[in-house]
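Reader: I have a structure open and would like to learn how to read some of its features. Where do we start?

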Amino acid sequence: MLDENDDIPALLRDAPTTTEFRKLRKRLVQATREALDRYGMVREGDRWLVCLSGGKDSYTMLAVLAELRWRGVLPVEILACNLDQGQPGFPATVLPEFLTRMGVEHRIEYRDTYSIVTDKVPQGRTYCALCSRLRRGNLYRVAREEGCAAVVLGHHRDDILETFFLNLFHGGRLAAMPPKLVNEDGDLTVLRPLAHVAEADCDRFARAMAYPIIPCDLCGSQDGLQRQQVKRILDDWERSSPGRRQVMFRALMNARPSQLLDTGLFDFAGLAAATDRD
């Protein structure tokens with residue numbers, strides 16, 4: 001790493017110099033660049049709305065994207081954005097002060113979606129679905145107002161795996177979070193550049209850099225969430241068989257439609273042995 005350069009982004013200054021941290025940082029950069037290239041996320045000259053929650057994942061994403069821009073391999077403009085959803089006790093000054101100090105162009109958008117979610121969702125039900133829809137709608141609006149072509153989210157490999165198993169166990173379908181998609185209106189691209197990055201690496205990086213982590217007190221305060229249950233299952237599998245998460249993730253990139261049962265993906269009816277056609 002060429003951190004002795006004076007022009008290094010403030011987000012990366014004072015990074016630990018240990019061999020372990022350098023390897024971690026290199027791994028994050030390589031995995032992110034791999035995802036950007038593999039899924040065709042980058043279009044030169046675009047403006048990206050990089051969404052920050054204040055959690056470890058979004059801080060890591062912002063720092064890695066800043067590094068890629070600094071190294072000249074990410075030719076896009078970045079506008080960091082935090083949606084303050086009006087949660088009681090939310091430390092509203094943390095992110096704007098941090099981003100200003102880091103010299104990151106940003107926009108803080110206040111919309112009280114918290115009151116809507118807690119009013120509409122019956123007691124005992126999880127907030128995530130409605131909260132996510134409201135948050136996404138506001139971020140799309142901000143992206144359009146700011147002339148951004150893409151909304152960039154901090155979901156990582158483990159989020160994608162958990163979503164796959166949630167859909168498998170509870171939704172009756174094989175689906176995960178795509179690393180790249182176009183919104184329903186067709187005017188914005190949604191990107192997940194951390195698609196190949198492990199959650200544990202985000203945690204190690206953000207803590208080592210001492211970024212000011214803000215926990216989610218809305219859904220994070222609820223017990224018994226299905227995603228938490230799936231996460232525990234994956235954690236148990238990983239402990240009993242280290243590397244299991246990465247093997248499962250590779251499977252998502254190696255689908256065999258002819259080995260599944262979806263007639264919309266494979267023409268089983270038209271499949272016949274050569275002797276059957278004689």
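Author: With a salt bridge. This is a predicted model, and in it glutamate 145 forms a salt bridge with arginine 141, the closest N and O atoms lying 3.2 Å apart.

Reader: Why are glutamate 145 and arginine 141 separated by about one helical turn?

Author: Both belong to helix 5 (residues 128-145), and they are four residues apart there, which means a separation of about one helical turn.

Reader: How does accessibility describe glutamate 145 and arginine 141?

Author: Under 20% relative accessible area a residue is called buried, over 50% exposed, and in between partly exposed. Glutamate 145, at 47%, is partly exposed. Arginine 141, at 21%, is partly exposed as well.

Reader: What does a salt bridge between distant parts of the chain look like here?

Author: Take glutamate 199 and lysine 56, whose closest N and O atoms are 3.1 Å apart. Glutamate 199 is in helix 7 (residues 199-208) and lysine 56 is in helix 2, so the pair links parts of the chain 143 residues apart.

Reader: Is glutamate 199 buried or exposed?

Author: Its relative accessibility is 16%, so glutamate 199 counts as buried. The side chain of glutamate 199 also meets that of lysine 231 in a salt bridge, at 2.5 Å from N to O. Lysine 231 lies in helix 8 (residues 226-240), so this pair ties helix 7 to helix 8 across 32 residues of sequence. Lysine 231 itself, at 26% relative accessibility, is partly exposed.

Reader: How are two packed helices described?

Author: By the angle between their axes and the distance between those axes. For helix 1 (residues 19-38) and helix 2 (residues 56-70), the axes come within 10 Å and cross at roughly 80°. The two helices are therefore roughly perpendicular to each other.

Reader: Which residues meet between helix 1 and helix 2?

Author: On the helix 1 side they are Arg25, Leu28, Val29, Thr32, Arg33 and Leu36. In helix 2 they meet Thr60, Val64, Leu65, Glu67, Leu68 and Trp70.

Reader: Which residues make the nonpolar surface patch of about 410 Å²?

Author: Leu168, Phe169, Leu174, Ile233 and Leu260 make that patch. Phenylalanine 169 lies in helix 6 (residues 157-171). With a relative accessible area of 42%, phenylalanine 169 is partly exposed.

Notes:
Residues are numbered from 1 along each chain as its sequence is written. This is a predicted model: local features need pLDDT of at least 70, side-chain atom pairs count only at pLDDT 80 or more; totals for chains, interfaces and linings use all residues. Side-chain values use heavy atoms; hydrogens and water are left out. Patches are made of residues with over 30% relative accessible area and no salt bridge: like charges are joined within 9 Å, nonpolar side chains (Val, Leu, Ile, Met, Phe, Trp, Tyr) within 5 Å. Accessible areas come from the Shrake-Rupley method with a 1.4 Å probe; for residues, only the protein chains shown count as cover. A salt bridge is a side-chain nitrogen of Lys or Arg within 4 Å of a carboxyl oxygen of Asp or Glu. Buried means under 20% relative accessible area, exposed over 50%, partly exposed in between (1.4 Å probe, protein chains only). Axes are lines fitted to C-alpha atoms, for helices over the stretch in contact, and angles run from 0 to 180 degrees between N-to-C directions. Angles under 35 degrees count as roughly parallel, over 145 as roughly antiparallel, 65 to 115 as roughly perpendicular and the rest as oblique. Contact means heavy atoms within 4.5 Å.
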